[in-house]
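Please examine the sequence and the model shown below. The paragraphs that follow concern salt bridges.

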Amino acid sequence: QVQLVESGGGLVQAGGSLRLSCAASGRTFSSYAMGWYRQPPGKEREFVAAIDWSTSSTRYADSVKGRFTISRDNAKNTVYLQMNSLKSEDTASYYCAASKLFPVRYGIEYWGKGTLVTVSP
């Protein structure tokens with residue numbers, strides 16, 4: 001069993017930065033590929049980024065490439081999402097996800113409850 005808890009969301013002005021964290025419980029964290037999804041207000045949940053077990057491979061949605069960076073620290077059971085050059089369209093609830101399948105587009109076994117990011121114009 002893995003439990004995921006996101007933190008780091010908040011209100012930021014356009015052009016600013018935030019770093020989201022996802023803390024995982026359970027000894028099997030390092031065996032999971034981890035991902036971030038987001039759900040803008042009134043829209044469907046969408047993929048943002050993923051990182052594999054060994055941290056050697058990452059994937060990004062086109063909309064965040066060059067602005068967001070996913071990373072993980074297996075010793076701390078934590079995955080991060082560094083978000084730079086934020087835009088108003090990045091406003092969403094951000095969710096952490098865990099899957100045995102990289103790049104975390106299928107077979108998601110665990111979800112966090114989300115953290116809200118609001119980007120003001």
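Does Arg38 count as buried or exposed? In this predicted model, Arg38 has a relative accessibility of 4% and therefore counts as buried, since buried means under 20% relative accessible area. Arg38 belongs to strand S4, which covers residues 33-39.

The side chain of Arg38 takes part in a salt bridge with Glu46, where the closest N and O atoms are 2.7 Å apart. Glu46 is partly exposed, at a relative accessible area of 31%.

Arg38 also meets the side chain of Asp90 in a salt bridge, with 2.9 Å from N to O. This pair links distant parts of the chain, for Arg38 and Asp90 are 52 residues apart. Asp90 is found in the loop between strand S8 (78-83) and strand S9 (92-99). The relative accessible area of Asp90 is 0%, so this residue is buried.

Arg67 is in the loop between strand S6 (58-60) and strand S7 (68-73), whereas Asp90 is in the loop between S8 and S9, so the pair ties together parts that are 23 residues apart in sequence. Arg67 and Asp90 are both buried.

Terms used:
Residues numbered from 1 in each chain as written. Predicted model: local features only at pLDDT ≥ 70, side-chain atom pairs only at ≥ 80, totals over all residues. Heavy atoms only, no water. Salt bridge = Lys/Arg side-chain N within 4 Å of Asp/Glu carboxyl O. Buried < 20%, exposed > 50% of the residue type's maximum accessible area, 1.4 Å probe, protein only. Helix = DSSP H or I, 4+ residues; strand = E, 2+ residues; numbered from the N terminus.
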